[in-house]
Number of protein chains: 2
Amino acid sequence: MAVNLDDVDWAIIRELQREARISLSELGRRVSLSPSATTERVRQLETTGVIAGYHAVVDLAKVGYPVLAVVRLKYPGNHHQPLRRLLAERREILECLRTTGDDCYTLKVAATSMEHLEKLMDELAGFGSTTTSVVYSQTLPYRGPERP
Amino acid sequence: MAVNLDDVDWAIIRELQREARISLSELGRRVSLSPSATTERVRQLETTGVIAGYHAVVDLAKVGYPVLAVVRLKYPGNHHQPLRRLLAERREILECLRTTGDDCYTLKVAATSMEHLEKLMDELAGFGSTTTSVVYSQTLPYRGPERP
DNA sequence: CCTGAAATACTTCAAAA
DNA sequence: TTTTGAAGTATTTCAGG
């Protein structure tokens, strides 16, 4: 499943994780590679799926979602289709991890207000017992993995 | 704290959340705005902090981190400095949310193996009692907020 | 916010090492 | 695989409206 990556690949990954909108020429400069070689490397990383995408990250509070919560969901049985449907519809659910342990799902949910969060929790409560924690703060800037 | 955003701003945010590496001209085409107006809008979104950054997202398994875990940390007292230091050093900790509730912190941790995860947990256990759930799968593609 | 023009930068390709 | 250099294209920026 893993892909062989050399120093240059990792340098490229590091730069693009930090600043995804630089040009391929600028990227080449930073990793000491010619523009054409850089282009080829990046294309390779993209087609092999090492790089899955490039995304702008927005400040949730500033776009109107001042409330962020982590929700753990105990989901008995294995009729997961209805939950999948909810995930597709409710775009306030930003992330959903299926995990081992008693709480089968861990969700990250953005809400415009506590009232909004309450409504979302009501929807989720239909699927199983939930545990909700409101997020005070994100204590780390965005980060990706480094070379192991 | 929130910023006033109109339809065009939201269209820009939507496009850049999906595909951060498109040019400003291409972005302008997609949101029906001239290149110069688009540039000005994006600059505004960046300087007001609405857009916090642009990041490549990598496939953790493909870069050598096949194990992902959610760790909840019960952290008694309020000597948070040592934890901050660990967060800065251990780059395997990709995310750290401080939350309400019994578990003060929720972490997302990437590991190269279960042995690696075990070592990380030993380090974290020094700070308080932990609850670890290994992630089977991420059930959603990357997503950001939409217009409320 | 648009247009248009000028300057710059970028991407792509072929050839060669 | 990478570099170089050239050609074509696209982008960015800025002034004027």
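1. Helices and strands here are DSSP runs, a helix having at least four residues and a strand at least two, numbered from the N terminus. With that in hand, look at residues 5–66 of chain A: this span is 53% helix and 13% strand, and its end C-alpha atoms lie 39 Å apart. An unreviewed UniProt entry annotates this stretch as "domain: HTH asnC-type". Keep in mind throughout that this is a predicted model.

2. On to how the two chains relate. Chain A goes onto chain B with a turn of 180° and a shift of 0.0 Å along the axis, leaving an RMSD of 0.0 Å. The copies are thus related as by a two-fold rotation axis. The interface agrees between them: 100% of the interface residues of chain A are also interface residues in chain B, so the copies meet through the same surface.

3. As a reminder, strands of a sheet pair through backbone hydrogen bonds, either parallel or antiparallel.

4. Some of the strand pairs can be checked residue by residue. In chain A, E2(A) and E5(A) run antiparallel and are joined by 6 bridges; across this pair, A:Ala69 stands opposite A:Val134 in E5(A). In chain B, strand E2 (residues 67–74) and strand E5 (residues 129–138) are also antiparallel, with 6 bridges between them. There, B:Val71 faces B:Thr132 of E5(B).

5. What about a pairing that crosses from chain to chain? E5(A) pairs with E3(B) in the antiparallel sense, over 3 bridges.

6. Now the charges. Side chains of opposite charge can pair when their charged atoms come close. How many salt bridges does the structure hold over all chains? The count is 36. One network of them links A:Arg14, A:Glu15, A:Arg18, A:Glu19, A:Glu26, A:Arg29 and A:Arg30.

7. Is each end buried or exposed? A:Glu15 is buried, because its relative accessible area of 9% is under the 20% cut-off. A:Arg30, at 33% relative accessibility, counts as partly exposed.

8. A:Arg30 also forms a salt bridge with A:Glu26, and here the closest N and O atoms are 2.8 Å apart. Both residues sit in helix H2 of chain A, 4 residues apart, which is about one turn of the helix. A:Glu26 has 23% relative accessibility, so A:Glu26 counts as partly exposed.

9. Elsewhere in chain A, A:Lys74 and A:Asp102 join their side chains in a salt bridge of 3.1 Å, N to O. This pair too links distant parts of the chain, 28 residues apart: A:Lys74 belongs to strand E2 (residues 67–74), and A:Asp102 to the loop between strand E3 (93–99) and strand E4 (105–111). A:Lys74 is partly exposed at 33% relative accessibility, whereas A:Asp102 counts as exposed at 54%.

10. A last point, on backbone angles. Most residues other than glycine have a negative phi, and most peptide bonds are trans. A:Ser32 has a positive phi of about 60° although it is not a glycine. Where does A:Ser32 lie? Its place is the loop between H2 and helix H3 (35–47) of chain A, and at 65% relative accessibility A:Ser32 counts as exposed. In chain B, B:Ser32 likewise has a positive phi, near 60°. B:Ser32 is found in the loop between helix H2 (24–31) and helix H3 (35–47) of chain B, and counts as exposed at 64% relative accessibility.

Key: Residues numbered from 1 in each chain as written. Chains lettered and ligands numbered in written order. Predicted model: local features only at pLDDT ≥ 70, side-chain atom pairs only at ≥ 80, totals over all residues. Heavy atoms only, no water. Salt bridge = Lys/Arg side-chain N within 4 Å of Asp/Glu carboxyl O. Buried < 20%, exposed > 50% of the residue type's maximum accessible area, 1.4 Å probe, protein only. Pairing = 2+ DSSP bridges. Least-squares fit on C-alpha atoms with pLDDT ≥ 70 in both. Contact = heavy atoms within 4.5 Å. UniProt positions renumbered as here; feature names shortened; annotations may be inferred.
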